[in-house]
Amino acid sequence: MLLLSTRAPSTKVSQFSVFRHARWHSRIYLRPVLSPFSYNRRVVMPKDEESGPLSALFGVVKPSGPTSMSLVNDVKKLVANSPLFVEESKLAEKAKQPSRKGRYRRDAVKIGQGGTLDPLADGVLVIGVGKGTKKLSEFLDCVKEYRTTCLLGCETDTYDSEGKQVRAAPWHHVTREQVEKALEQFRGEIEQVPPIFSALKMDGMPLYDYARKGIPLPRPIEKRKVTVHELELVEWLGSDHSFRLPEKKFSKEEQEAMEKALKGVDNNVSIKDEPDEDTVGSDEKAPTAFVLRMKVSGGTYVRCVVHDLAHALGSAGHVVTLQRSRQGRFALEPKEGDRACVPWEVFKSALADEGQADEEGFKAWEREVLAKLETV
């Protein structure tokens, strides 16, 4: 028996008269081409079959230097003008209107990121477009992998090389064997104390204000439970590297203010430089550095791991390089079931010159993103 439907055809579907097909990783992405004709048929689109623009997640390889949000804003300049992510009608309407700036501007597409990387850091930055922005919270608590370089000799207020030296400490006595043994206490479920020079608030005041103004902390900084699934020493650099201690240093007054703040909860705290007796009369050389790889739960402070490890070694240390090699299923070196990331150079080149679309209507950067995105 042949059943005929009396249901009126969808007006949305009839807008798509001719489609060009491009198969990417077993998905078919369709791009609408306007035509005076219209066919009464249903077409298969990624997820949302009745709309051309895609909602998606994709990874970007962030370079060290710029902020995460500056990169998101740059990507948005391309995405907001791409028929891949924005309806053709909205693009046509946008082209007719003068550009608007400020609070009254309506964005053609939503875009966001799933976990900020510090300017110093590079690696995986997950971007969400359209409905993909609603999935970004999944990447805040997901398992992440990092590769970081620790430089011994001093600790800084930011726990990395972007900050100022808080105090110097001996480092000549630290050996590779000592580091590998000390790592054992940082595996599994551990408790971390966030840095006092952070924006976290206590009784309505940022922690860094207590440290800068020398106001005693009213209570200890709340510890956070995190899980370090894997932690290993992958490279011993020794003094054979180009890293150097930060030039900016805390003054004696700044050291005293920080010490006074911390003594509000621990009278044994001392913020003073500790001379390294092994350096007396010896040739100057770079402090010891080594590279760690770790797989951690969401919310883990990688810089705290390095800072606390250096203390466990009877020294002081800070992060000089930090790379996020994995965020959930997005990875720099993808395995089976993972998603590769789009190199930042792809977007940088497109921002300078998008170039011409190919025979199927795609520009080079759009093809790169299509090959690596996950539709939502």
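These legends accompany several close-up views of a predicted model.

The model is predicted, so to speak plainly: local features need pLDDT of at least 70, side-chain atom pairs count only at pLDDT 80 or more, and totals for chains, interfaces and linings use all residues. Residues are numbered from 1 along each chain as its sequence is written, and side-chain values use heavy atoms, with hydrogens and water left out.

**View 1. The whole chain, for orientation.** Eight helices and 17 strands make up the count here (DSSP runs numbered from the N terminus: helices are H or I with at least four residues, strands E with at least two). Of 376 residues, 45% are buried (under 20% relative accessible area, with a 1.4 Å probe and protein chains only). Take the contacts (heavy atoms within 4.5 Å) between residues at least 6 apart in sequence: 74% of them link residues at least 24 apart.

**View 2. Strand β3 and its surroundings.** Look for residues 56–62: six of these seven residues are buried, so β3 is largely enclosed by the rest of the structure.

**View 3. β3 beside β5.** Strand β5 (residues 122–129) runs antiparallel to β3, and seven bridges join them (strands pair if DSSP finds at least two bridges between them).

View 4. Strand β17 (residues 374–375) pairs with β3 in the antiparallel sense through two bridges; here Ala 56 has Thr 375 as its bridge partner.

Note on methods: Buried < 20%, exposed > 50% of the residue type's maximum accessible area, 1.4 Å probe, protein only.
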